[in-house]
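Colleague: I am new to this one. Please show it to me, and then I will ask.

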Amino acid sequence: SAFHADILRQASQIYSETRILQALRGFRVKLDFGSLTVPQLIDQARPESESTADYFMVIEKAPGIDLDFLARLQHFDEVLLEQRLQTYTAREQHFLKSLISQKKLPDWIILRCLNAAIVLFEEIHSYPVELDGIEKGGILWNDVKPEHIFWDPETRQCTLIDWGNAQFLEMDGTTRDRLFSSMTDYLQFLDGIGKFLKASVPDLYQELDWETHTISPETSAQEVRSLCQKIEK
């Protein structure tokens, strides 16, 4: 019952995300505390269905729990929380209940998730990609949100999800239409993650001195880099 324009828009986004995940197939980075990865593309529709309502892709389910839910754990209604807990594995439920008893999400989990995002930027912005026989400069995630960062307590793996807005970067570090650049991910990180920390863990927000790093036309790569260094330290 969807309008044809909506079908085309959704199919186009699926096509775009599929190409990004194909380029990132097998992507995994070993970190000091665990690993960093993205969901793997499992299956996709045949090429001839690209402009139809039958177009689809199947993506690996991200293991673990998203950072936004972890931070809001203490504020959930008990009934809703119990319902949500049932969607996780026994090990994950044990982990979540231990956080509830502690009444606070440990800073080290948040910091490791943020560090994983920073490492992701460093890796994918210069990730070797060949698209239709043309060499690209890298990949832009372009959807930096706490609910897109998953932490697996068992393996200490961070998985970064939702690549529907991602774009390929040209050799000069900008997108083909010149609307975005590799700095876009860092600015989204500065803004979105900053708001998340201020609302969820204000003490950590203050400790990182995040409020001194504001977004403006004058925001420089060096300013963003100094904040990333604080997180890494």
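Modeller: The chain's secondary structure comes to eight helices and 11 strands. Helices (H or I, at least four residues) and strands (E, at least two) are DSSP runs, numbered from the N terminus. The model is predicted: local features need pLDDT of at least 70, side-chain atom pairs count only at pLDDT 80 or more, and totals for chains, interfaces and linings use all residues. Residues are numbered from 1 along each chain as its sequence is written, and side-chain values use heavy atoms, without hydrogens and water.

Colleague: Which cysteine sulfur is nearest to that of C113, and how far away?

Modeller: A disulfide is a pair of cysteine sulfur atoms within 2.5 Å. The structure holds zero disulfides. C113 is in none, and its nearest cysteine sulfur belongs to C158, at 3.8 Å.

Colleague: Is C158 buried or exposed?

Modeller: Buried means under 20% relative accessible area, exposed over 50%, partly exposed in between (1.4 Å probe, protein chains only). C158 has 0% relative accessibility, so C158 counts as buried.

Colleague: What share of the residues in the chain is buried?

Modeller: The chain has 233 residues. Among them is C113, which counts as buried because its relative accessibility is 0%. The buried share of the chain is 46%.
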